[in-house]
Amino acid sequence: MTKVKIVIGDRLGKGQNIAKGVEAAGGIPVVIQGVGADMKVGDVVKQEGADLGLSFCGSGGAGALTAKTKYGYPVEYGLRSVDAGITALRNGNKVIGFGFMDTEELGRRMTEECIKLRGR
């Protein structure tokens with residue numbers, strides 16, 4: 001079985017801490033470089049054949065809504081906690097939008113849940 005691949009796009013070009021958490025949980029992070037990276041999450045999820053896209057900006061919606069509009073991915077956005085992200089993942093969303101939250105815990109827990117859901 002291939003590893004879980006998670007795309008990370010942050011409006012301010014961050015996401016390195018999330019990537020550390022993804023790696024710690026056994027996943028493969030793909031961090032989009034540069035300012036405005038959140039707007040490219042859908043494109044990179046498609047290119048990489050990723051399991052999940054995580055988008056981060058002030059409102060938590062721009063990148064996720066772009067992914068939905070462009071590719072039809074199921075999305076949830078405007079989230080402000082890891083637990084809300086886990087719930088969104090369990091509800092079948094492919095791209096999830098958060099406010100700024102560059103934390104290892106977020107990457108680790110989202111990856112662990114992806115792995116768990118993939119095993120079902």
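Student: How many positive and negative side chains does the protein have, and how far apart are the centres of the two sets?

Tutor: There are 17 positive side chains and 13 negative ones, with 4 Å between the centres of the two sets. Keep in mind that this is a predicted model.

Student: OK, and how many salt bridges does the count come to?

Tutor: The count comes to 9 salt bridges. One of them joins the side chains of aspartate 38 and arginine 11, at 2.8 Å from N to O. The two partners come from distant parts of the chain, 27 residues apart: aspartate 38 is in the loop between strand E2 (28–31) and helix H2 (41–48), and arginine 11 is in the loop between strand E1 (5–10) and helix H1 (16–24).

Student: Is aspartate 38 buried or exposed?

Tutor: Buried, because its relative accessibility is 0% and the cut-off for buried is under 20%.

Student: What else is aspartate 38 in contact with, leaving aside neighbours within four places in sequence?

Tutor: Gly9, Asp10 and Arg11 are among its contacts, and so are Ser55, Phe56, Cys57, Ala62 and Gly63. For another distance, take glycine 60: it is 22 residues from aspartate 38 along the chain, and their C-alpha atoms are separated by 9.2 Å.

Student: Back to salt bridges. Which residue does aspartate 51 pair with?

Tutor: Aspartate 51 pairs with arginine 118, and their closest N and O atoms are 2.8 Å apart.

Student: What does arginine 90 form a salt bridge with?

Tutor: With glutamate 113, the closest N and O atoms being 2.9 Å apart. Here arginine 90 is in helix H4 (residues 82–90) and glutamate 113 is in helix H5, which puts the partners 23 residues apart. Glutamate 113 is buried, because its relative accessible area is 4%. There's also a network of salt bridges, which links Asp83, Glu105 and Arg109.

Student: Let's zoom out. How many helices and strands does the protein have?

Tutor: It has 5 helices and 5 strands. Along the sequence they follow the pattern β-α-β-α-β-α-β-α-β-α.

Student: How does its radius of gyration fit with a compact globule?

Tutor: It agrees: a compact globule with 120 residues would have a radius of gyration near 14 Å, and the protein has 12 Å. The C-alpha trace spans about 30 × 25 × 25 Å along its principal axes. Buried residues make up 50% of the 120 residues.

Student: What about contacts between residues at least 6 apart in sequence?

Tutor: Of those contacts, 59% join residues that are at least 24 apart.

Student: And the accessible surface, what does that come to?

Tutor: About 5600 Å², and 50% of that belongs to carbon and sulfur atoms.

Student: Which residues of H2 are buried?

Tutor: Val41, Gly42, Asp43, Val44 and Val45. The buried residues of H2 pack against E1, E2 and E3, as well as helix H3 (62–71) and strand E5 (95–98). After H2 comes glycine 49, which has a positive phi, near 65°.

Student: New topic: where does isoleucine 28 lie?

Tutor: In strand E2. Isoleucine 28 counts as partly exposed because its relative accessibility is 35%.

Student: What does isoleucine 28 touch, not counting residues up to four places away in sequence?

Tutor: It touches Lys3, Val4, Lys5, Ile6 and Val22. Isoleucine 6 is 22 residues from isoleucine 28 in sequence, with 6.2 Å between them in space, C-alpha to C-alpha.

Student: Last one: where is alanine 84 found?

Tutor: Alanine 84 is in helix H4, and its 23% relative accessibility makes it partly exposed. From alanine 84 to isoleucine 32 there are 52 residues along the chain, and their C-alpha atoms are separated by 23 Å.

Conventions: Residues numbered from 1 in each chain as written. Predicted model: local features only at pLDDT ≥ 70, side-chain atom pairs only at ≥ 80, totals over all residues. Heavy atoms only, no water. Salt bridge = Lys/Arg side-chain N within 4 Å of Asp/Glu carboxyl O. Helix = DSSP H or I, 4+ residues; strand = E, 2+ residues; numbered from the N terminus. Buried < 20%, exposed > 50% of the residue type's maximum accessible area, 1.4 Å probe, protein only. Rg over C-alpha atoms; globule rule 2.2 N^0.38 Å. Contact = heavy atoms within 4.5 Å. Areas by Shrake-Rupley, 256 points an atom, 1.4 Å probe, with all protein chains shown as cover. Lys, Arg positive; Asp, Glu negative; His and termini not counted. Charge placed at Lys NZ, Arg CZ, Asp CG, Glu CD.
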